[in-house]
Amino acid sequence: MNLYFFGDSISFGQGVSVDLTWVNKISQKLHEQFGEDEITVINTSINGNTTRMALERMPYDVQSHEVDVLVVGFGMNDCNYWMTDKGVPRVSQNAFRANLQEIIDRAFHFGSKQVVLRTNHPSPRKDYMINTDITYGESNQIYNAIIRQVARDNPQVVFVDMEKEFETYIQTQGYDLGALTLPDGVHLSGLGHHVYFECMYPVLSNIAADMLRGK
């Protein structure tokens, strides 16, 4: 079984040691549970990627491989506003929605048996982005809402709401959101990676068990 992660720096693990990243932890745990010969875990995530950039590299990184399960995670770059963009996001809301839909469509068309889609964690950043009247945290919330809508429109997709999971974790464990992210308020701290692992692993473990049982 081939399990591919297709995302940005949140899946790549920018800013922390490689052994602390949630994707690596999932890979190690899946191998412990099912054996290294049963599951190959590949992480094709790239720092800074938007859904537009992802579609450009999808032919090689996804379509040319026999991907059984594709875990899709984008949005925290799409929702950002750069000074050079003069008040428009890197990827508009409509384009983001369409890009996610195309990623899902292409994944299934090229043989993926399952696509897992997730929202992103909340950001504590409350500063207004340049040339806008919106904060990064607010923009991230809007793009998470779009991800939820795409998931509702595609009932065959497995959906994990990481934004809600983080909110629950903060309420029950008493952590401040800033402890779950690095000082930039975007990338995950070691603890943030642990929360992703705790939420994503059971989902992927169940999918793997079902697929391997059906071999």
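Reader: What covers the buried residues of α5?

Author: In this predicted model, the cover includes α4 (93-109), β4 (114-118), β5 (158-160) and α6 (162-173). Among the residues tucked away are Y136, G137, Y143 and I147.

Reader: What makes Y143 count as buried?

Author: Buried means under 20% relative accessible area. Y143 has 2%, so Y143 is buried.

Reader: Why is the pair of F96 and Y143 called tilted?

Author: Start with the distance: ring centres must lie within 6.5 Å, and these are 5.0 Å apart. Then look at the planes: under 30 degrees counts as stacked and over 60 as edge-to-face. The angle here is 50°, so the pair falls under tilted. F96 lies in helix α4 and Y143 in helix α5, so the pair ties together parts that are 47 residues apart in sequence.

Reader: And what makes F166 and Y196 an edge-to-face pair?

Author: Their centres are 5.5 Å apart, so they pair under the 6.5 Å limit. Their planes stand at 75°, which is over 60, so the name is edge-to-face. F166 sits in helix α6 and Y196 in helix α8, 30 residues apart.

Reader: How do you know that β4 and β5 pair?

Author: Pairing takes at least two bridges. Three join β4 to β5, so they pair, and they run parallel. For instance, R118 has V160 in β5 as its bridge partner.

Reader: Why are β2 and β5 said to stand at the edges?

Author: The sheet's order is β2-β1-β3-β4-β5. β2 and β5 each have a single partner strand, so one side of each has no neighbour in the sheet.

Conventions:
Residues are numbered from 1 along each chain as its sequence is written. This is a predicted model: local features need pLDDT of at least 70, side-chain atom pairs count only at pLDDT 80 or more; totals for chains, interfaces and linings use all residues. Side-chain values use heavy atoms; hydrogens and water are left out. Buried means under 20% relative accessible area, exposed over 50%, partly exposed in between (1.4 Å probe, protein chains only). Helices (H or I, at least four residues) and strands (E, at least two) are DSSP runs, numbered from the N terminus. Contact means heavy atoms within 4.5 Å. Rings of Phe, Tyr and Trp (its six-membered ring) pair if their centres lie within 6.5 Å; planes under 30 degrees apart count as stacked, over 60 as edge-to-face and the rest as tilted.
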